[in-house]
Amino acid sequence: MSDHIMNTYGRLPVSFVKGEGCYLYDEQGQRYLDALTGIAVCGLGHSHPAVAQAISEQAKTLMHTSNLYGIPNQEALADKLCELSSMDRVFFSNSGAEANEAAIKIARRFGHTSGINNRSIELPTIIVAKNSFHGRTLSTLSATGNAKVHAGFEPLVPGFIHVDYDDMDAIKQAADSNDNIVAIMVEPIQGEGGLVTPENSYLQDIRAFCDEQGFLMILDEIQTGVCRTGKWFAGQHSDIVPDVMTLAKGLGNGFPIGACLAKGTASEILVPGTHGSTFGGNPLACAAALATINTMQEQKLDQRAAELGDYFQQGFKKSLASLITQGVVKDIRGKGLMIGIELAQPCTELVKRALDKKLLINVTADSVIRLLPALITSNAQADEIIAIVSELITAL
Ligand SMILES: Cc1ncc(COP(=O)(O)O)c(C=O)c1O
């Protein structure tokens with residue numbers, strides 16, 4: 001691999017040059033079954049014809065203008081996302097971290113302008129969770145609850161208090177001891193943190209507490225959103241609507257796009273001059289996202305993700321039954337097609353062993369196998385994934 005690439009990733013010894021549906025092909029033409037989809041990005045599988053066609057047609061028509069002008073695709077995409085999520089307005093970005101930057105800026109400006117109970121907040125502070133991941137820009141890495149992500153980048157951006165995840169008392173205590181709280185920001189399932197799946201009541205309790213206190217509830221759905229968990233947005237499993245919600249990964253099926261959605265007062269906080277992005281929501285990115293969302297809606301892929309997620313859970317529970325009894329497999333969890341298998345020992349080497357078997361998987365938090373297969377994965381492909389992963393765990 002070229003020495004001219006900055007050394008920010010530990011890369012596997014393979015380069016893909018072609019993709020089709022659930023398969024990727026390397027330079028030698030060997031085929032790999034993809035159970036990771038670029039970390040929850042290509043929900044429709046690789047090179048989906050509807051997305052490829054939308055990008056190609058839009059590229060030939062108009063790629064970029066500027067947010068100084070109206071952008072019909074952006075308006076259509078915002079309307080569609082608001083219809084699906086019950087949110088009111090959208091700011092488009094190019095990545096997840098940038099969508100979270102917008103969310104953090106909304107929360108801070110909300111503190112300064114609207115305030116909490118008519119009290120303007122001078123040092124707006126957001127309660128975030130330990131073990132979380134919100135991105136790699138300075139404010140999103142500061143929001144992230146992981147010392148490894150912070151290390152070497154101090155001073156961190158102030159204004160974040162980290163509390164235990166899935167612990168409502170910890171949130172209440174933090175709010176009690178700080179007069180500057182303006183928002184609570186969490187992931188519905190901690191993806192990078194090891195597929196940590198809270199009780200459904202956790203999000204409902206946060207929603208109720210935010211309503212009571214006048215805080216904004218910010219849901220980072222960058223990994224969980226866009227049908228991944230078996231609903232359009234994971235917060236819908238708990239029947240809640242946040243004040244601010246961020247999306248990215250699955251939104252453009254591989255075309256870079258992020259979105260920060262807001263509701264009610266939160267949707268009116270950013271006004272001209274307060275935020276922006278040159279590329280955010282340009283005609284090309286929005287064409288890709290519109291094709292992605294429309295295809296998912298036409299094919300009811302939210303329902304398919306729920307169904308297939310159950311199929312995976314049952315399949316793994318069956319094939320790993322004896323290892324579960326022996327305590328080698330500690331837990332099988334997740335929602336829809338966000339599947340985590342926690343082992344009693346570190347297992348990062350399984351990623352390379354799976355690659356040798358032409359299967360792409362991921363391990364997060366050292367001992368959690370993470371599967372994020374395409375929403376279009378067939379039952380036969382699911383069987384193959386279950387068989388290979390179970391075999392690898394057994395051999396470990
Ligand atoms: C929950 C969550 N938030 C934010 C991000 C950052 O997104 P991006 O890498 O597009 O900046 C990620 C990426 O893994 C994520 O999983």
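User: What makes β14 and β15 paired strands, and in which sense do they run?

Analyst: Strands pair if DSSP finds at least two bridges between them. For β14 and strand β15 (residues 368–371) there are 3 bridges, and the two run antiparallel; therefore they meet the definition of a pair. Strands themselves are DSSP runs of E with at least two residues, helices are runs of H or I with at least four residues, and both are numbered from the N terminus.

User: On what kind of model does this rest, and how are residues numbered?

Analyst: The model is predicted: local features need pLDDT of at least 70, side-chain atom pairs count only at pLDDT 80 or more, and totals for chains, interfaces and linings use all residues. Residue numbers start from 1 along each chain as its sequence is written.

User: Why are β11 and β14 called edge strands?

Analyst: The open sheet has 4 strands in the order β11-β12-β15-β14, with antiparallel pairing. Because β11 (329–335) and β14 (362–364) each have a single partner strand, one side of each is left without a neighbour in the sheet. From one strand to the next, the twist averages 25 degrees.

User: What packs on this sheet, and how is its direction described?

Analyst: Helix α10 (residues 301–319) packs on the sheet and touches β11 and β12 (338–343). Its direction makes about 170 degrees with that of β11, where angles run from 0 to 180 degrees between N-to-C directions and axes are lines fitted to C-alpha atoms, for helices over the stretch in contact.

User: Which residues make the contact of α10 with α13?

Analyst: α10 and helix α13 (residues 379–395) pack at an angle of about 35 degrees, with their axes 10 Å apart. Residues are in contact if their C-beta atoms, placed from the backbone, lie within 7 Å. The contact includes L308, Y311 and F312 of α10 and N379, A382 and D383 of α13. By class, the contact has 6 nonpolar, 4 polar and 1 charged residues, with Ala, Val, Leu, Ile, Met, Phe, Trp, Tyr, Cys and Pro counted as nonpolar, Asp, Glu, Lys and Arg as charged, and the others, Gly among them, as polar.

User: Is the crossing of α3 and α9 left-handed or right-handed?

Analyst: The crossing of α3 and α9 is left-handed, whereas that of α10 and α13 is right-handed. A crossing is left-handed if the near helix is turned anticlockwise from the far one by less than a right angle, and right-handed if clockwise. Helix α3 (residues 72–85) and helix α9 (residues 283–298) pack at about 35 degrees, with their axes 8 Å apart.

User: Which residues are the closest to the ligand?

Analyst: The ligand is surrounded by 14 residues, the closest being S95, G96, A97, I222 and Q223. A residue is near a molecule if its C-beta atom, placed from the backbone, lies within 6 Å of it. Helix α4 (residues 96–113) gives the most to this shell, with 3 residues. The shell has 4 nonpolar, 7 polar and 3 charged residues.

User: Why is the protein called as compact as a globular protein of its length?

Analyst: The protein has 13 helices and 15 strands. Its radius of gyration is 21 Å, close to the 21 Å that the globule rule gives for 396 residues, so the protein is as compact as a globular protein of that length. The radius is taken over C-alpha atoms, and the rule is 2.2 Å times the number of residues to the power 0.38.

Note on methods: Two residues are in contact if their C-beta atoms, placed from the backbone, lie within 7 Å.
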